[in-house]
Amino acid sequence: VTMNDSRSLRLPALLSIGVALVVAGAALFLVSRASSGNPTFQDRARAVADGLRCPSCQDLAVADSPSRIAGQMRGEIARRLRAGQSEEEIRQFFVARYGQWILLSPGTGGLGFVAWVAPAVGLAGGIVVVWSLLRRRRRGEEALDARHEDAPTDAERARIARELAAMEEPG
Amino acid sequence: VTGRREEHETSADTGRAGDDRRWRVVALSLVPMVAIAALLGFGLGRDPTKLPNVLVGHRAPDFALRDLQTGRTLRLSDLRGHPVVLNFWASWCAECYTEHPDLTAAWREYGDRGVVFLGVLYQDSRGAARGFVGAQGQGWPTVVDPGGRTAIDYGVTGVPETVFVSSKGVIVHKEVGPSTYAGLRRSIDRMFRGAPT
């Protein structure tokens, strides 16, 4: 692949990345608009139950589990919401009873912070690695091109051929 | 000829530099792999059903529940001054049958020494629970926990679970799974000392 080839490849690649970003942005916008507005009582209860782990089945959220204790926890959430507690207060109630384990997504403090930050750090690291690899490859290509510029011109080639021919000629 | 030798040296230099670079790439990619493997080893080596007892050292949540047999209301706060063994159980729970003789033995030994044994029925019908008590015998009372609110208050994830409350109303230990006689004795001794585990 010469330099000109990689330049001509860059435009379609940029275009497709641009299209993908526009589509993703539009989808995010639509989703956020669908879920915005005043959350109903059901929405709020569901939001809490979605973030809690079912104690007897562990791999399901309280909102999705058919187990009896999950049903009772949904009842407890509804009771506390009706009593005027906030969603965060209810979450903290369950954390005080079962520990951080009951939350399906880790908290932002302590070890939980690592879980939130690690993916971003990994992604940034990956981007740096790919970028430096690409840069190194391009440098290699440039060096190759530079060597091509050093290559003999047609006139020089003709002269070399002539001199070789003269050397091979006997006498 | 000299030109050719120079070219040889430079290519050897770039070869060495390439080797260094390759080793650096290998080392750099190994570090996160080893870190992730260590994390997995740590996480998978632990029993996922074993949960931290966050309630230990905290005040036992109070409750007012009805007795399975008499229907009278029983309050935990009325038992202040006595160490309490709170046993969450159900008639459908096989391990509750397993631990029952051990609980009975501990109750025989410590019941007269001021330790109150109290069963809390977990997700079971009164009829089935009375059947269990009739067949197995149970010298201590059991209260019914409609809606499981008390079970949730005590962070119960399943049965059997046994909570040990000191005479001052503080949780000193929580046993998840079937209790043994030796384990019960150990936890009750701790309760007498009032020391959380």
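In which helix is Arg136(A) found? Arg136(A) sits in helix α5 of chain A. The model is predicted.

**Chain A overall**
- Chain A has six helices and zero strands. Along the sequence the pattern reads α-α-α-α-α-α.
- Of its 171 residues, 19% count as buried.
- Chain A exposes about 12400 Å², and carbon and sulfur atoms supply 63% of that area.
- Take the contacts in chain A between residues at least 6 apart in sequence: 44% of them join residues at least 24 apart.

**Positive surface patch**
- Arg135(A), Arg136(A), Arg139(A), Arg21(B) and Arg24(B) form a positive surface patch. Two elements give two or more residues each: α5 (111–150) of chain A and α1 (2–45) of chain B.
- The largest share, three residues, comes from α5(A).
- Arg136(A) has a relative accessible area of 36%, so this residue counts as partly exposed.

**Salt bridges within chain A**
- Over all chains, the structure holds eleven salt bridges.
- Asp64(A) pairs with Arg46(A), with the closest N and O atoms 3.2 Å apart. Asp64(A) lies in the loop between α2 (41–50) and α3 (68–82), and Arg46(A) in helix α2, so the bridge ties together parts that are 18 residues apart in sequence.
- Both partners are partly exposed: Asp64(A) at 44% relative accessible area, Arg46(A) at 43%.
- Glu163(A) and Arg159(A) meet in a salt bridge at 3.2 Å, N to O. Both lie in helix α6 (residues 154–168), four residues apart, about one turn of the helix.
- Glu163(A) is partly exposed, with a relative accessible area of 43%.

**Salt bridge between chains**
- Arg149(B) forms a salt bridge with Glu76(A), and the closest N and O atoms are 2.9 Å apart. The pair crosses between chains, from helix α4 (residues 149–153) of chain B to helix α3 of chain A.
- Glu76(A) is buried, at 2% relative accessible area, whereas Arg149(B) is partly exposed at 37%.
- Glu76(A), Arg79(A), Arg80(A) and Arg149(B) are linked in a network of salt bridges.

**Arg80(B)**
- Arg80(B) is in the loop between β2 (73–75) and β3 (84–89) of chain B. Its relative accessibility is 43%, so Arg80(B) counts as partly exposed.
- Neighbours within four places in sequence aside, Arg80(B) contacts Arg59(B), Ser167(B), Lys168(B) and Gly169(B).
- Arg80(B) and Trp23(B) are 57 residues apart in sequence and 68 Å apart in space, C-alpha to C-alpha.

Methods: Residues are numbered from 1 along each chain as its sequence is written. Chains are lettered from A and ligands numbered from 1 in the order in which they are written. This is a predicted model: local features need pLDDT of at least 70, side-chain atom pairs count only at pLDDT 80 or more; totals for chains, interfaces and linings use all residues. Side-chain values use heavy atoms; hydrogens and water are left out. Patches are made of residues with over 30% relative accessible area and no salt bridge: like charges are joined within 9 Å, nonpolar side chains (Val, Leu, Ile, Met, Phe, Trp, Tyr) within 5 Å. Accessible areas come from the Shrake-Rupley method with a 1.4 Å probe; for residues, only the protein chains shown count as cover. A salt bridge is a side-chain nitrogen of Lys or Arg within 4 Å of a carboxyl oxygen of Asp or Glu. Lys and Arg count as positive and Asp and Glu as negative; His and the chain ends are not counted. The place of a charge is taken as NZ of Lys, CZ of Arg, CG of Asp or CD of Glu. Buried means under 20% relative accessible area, exposed over 50%, partly exposed in between (1.4 Å probe, protein chains only). Contact means heavy atoms within 4.5 Å.
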